Amino acid sequence: MRASRSARWESARESAELALAWRSVCAAVPGAFRLIDTVSGPTTITPRIGQLSAGPPTSFVVELLPGQLAEDLRDAARRLAPSLGARSVRVVQHGLTHVRVELLTSDPLTDTVTSAVDPVASALQPLTLGIGEDGQPVPLNLGDAAHIVVQGSTGSGKSVGQYSMLGQLARARD
């Protein structure tokens, strides 16, 4: 019982720290806040954080300000990420007035990923296709598909991906 109370307290503390970091960074990034003139002087208003999910990836729902669009936060994402402890930020529309903000710890399109994938013992086992944005392996079960299509522009890594899958199958016994 004590451990669960401690875990809840730790989670609540982390949520409060994330909410504070969100408000602080939004107040400094154009497009992520609104400046309202009041009798007592200008007031900065930032989008409110709602539901938090520890992930991976860590994500939270944000209520957009009146007149604000998801694109406004997408445009600010590159500047928001470092202050939120993330490599990048993905903003996904979540209803009419809310967005889900996902804090990504890796960027597979810019990070170099080494192939540390072990060969499979059987062709019936899922292969590792690559690493997703959340840093977790993306499995591919060859038994689930009659055909596989690989497409992309020149130099995008199609051959390297195929050689990686063939390398995993090279020692398969079945």
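This is a predicted model: local features need pLDDT of at least 70, side-chain atom pairs count only at pLDDT 80 or more; totals for chains, interfaces and linings use all residues.
**Overall architecture**

The secondary structure of the chain consists of three helices and eight strands. The chain has 174 residues, of which 23% count as buried. Contacts between residues at least 6 apart in sequence can also be considered by their separation along the chain: 49% of them join residues at least 24 apart.

**Two hairpins**

The pairing of strands can be followed in two hairpins. Strand E1, made of residues 34-38, pairs with strand E2, made of residues 41-45, in the antiparallel sense. Five bridges join E1 and E2, and two residues lie between these strands in the hairpin. Within this pairing, Ile36 stands opposite Thr43 in E2.

The other hairpin is built from E3 and E4. Strand E3 covers residues 48-53 and runs antiparallel to E4, to which it is joined by four bridges. Here four residues lie between the strands, and Gly55 takes a positive phi near 85° in this hairpin. Ser53 stands opposite Ser59 in E4. When examining these strands in the structure, the reader may keep a general principle in mind: in a regular strand, side chains alternate between the two faces of the sheet.

**An aromatic pair between helix and strand**

How many aromatic pairs does the model contain? The count comes to one aromatic pair. Its members are Trp22 and Phe60, whose ring centres are 5.3 Å apart and whose planes make an angle of 75°. The arrangement is edge-to-face, because an angle over 60 degrees between the planes is assigned to that class. Trp22 belongs to helix H1 (residues 2-26) and Phe60 to strand E4 (residues 58-63), so the pair ties together parts that are 38 residues apart in sequence. Are these two residues buried or exposed? Both Trp22 and Phe60 are buried.

**The second largest pocket**

The second largest pocket has a volume of about 190 Å³. Its lining is formed by Ser11, Glu14, Ser15, Glu17, Leu18, Leu52, Ala54 and Thr58. Which element gives the most to this lining? Helix H1 does, with five residues. Sorted by class, the lining has three nonpolar, three polar and two charged residues.

The table gives the sequence separation and the C-alpha to C-alpha distance of each pair.

| Pair | Separation in sequence | C-alpha distance |
|---|---|---|
| Ser24 and Ser83 | 59 residues | 8.8 Å |
| Arg173 and Val120 | 53 residues | 8.7 Å |
| Ser164 and Leu127 | 37 residues | 9.3 Å |

Ser24 is found in helix H1, the helix that also holds Trp22. Its relative accessibility is 45%, so Ser24 counts as partly exposed.

Ser164 has its place in helix H3, which covers residues 158-169. With a relative accessible area of 25%, Ser164 is partly exposed. This value is not under 20%, and therefore Ser164 does not count as buried.

Arg173 is found in the segment after H3. Is Arg173 buried or exposed? At 71% relative accessibility, Arg173 counts as exposed, because the value is over 50%.

Methods: Residues are numbered from 1 along each chain as its sequence is written. Side-chain values use heavy atoms; hydrogens and water are left out. Rings of Phe, Tyr and Trp (its six-membered ring) pair if their centres lie within 6.5 Å; planes under 30 degrees apart count as stacked, over 60 as edge-to-face and the rest as tilted. Buried means under 20% relative accessible area, exposed over 50%, partly exposed in between (1.4 Å probe, protein chains only). On a 1 Å grid over the protein atoms alone, a cavity is a set of points where a 1.4 Å probe fits but cannot get out, and a pocket is an open set with protein on both sides within 12 Å along at least five of seven lines; lining residues have an atom within 4 Å of a point. Grid points are joined across faces, edges and corners, and a volume is the space filled by probe spheres set on the points. Ala, Val, Leu, Ile, Met, Phe, Trp, Tyr, Cys and Pro count as nonpolar, Asp, Glu, Lys and Arg as charged, and the others, Gly among them, as polar. Two strands pair if DSSP finds at least two bridges between them. Contact means heavy atoms within 4.5 Å.
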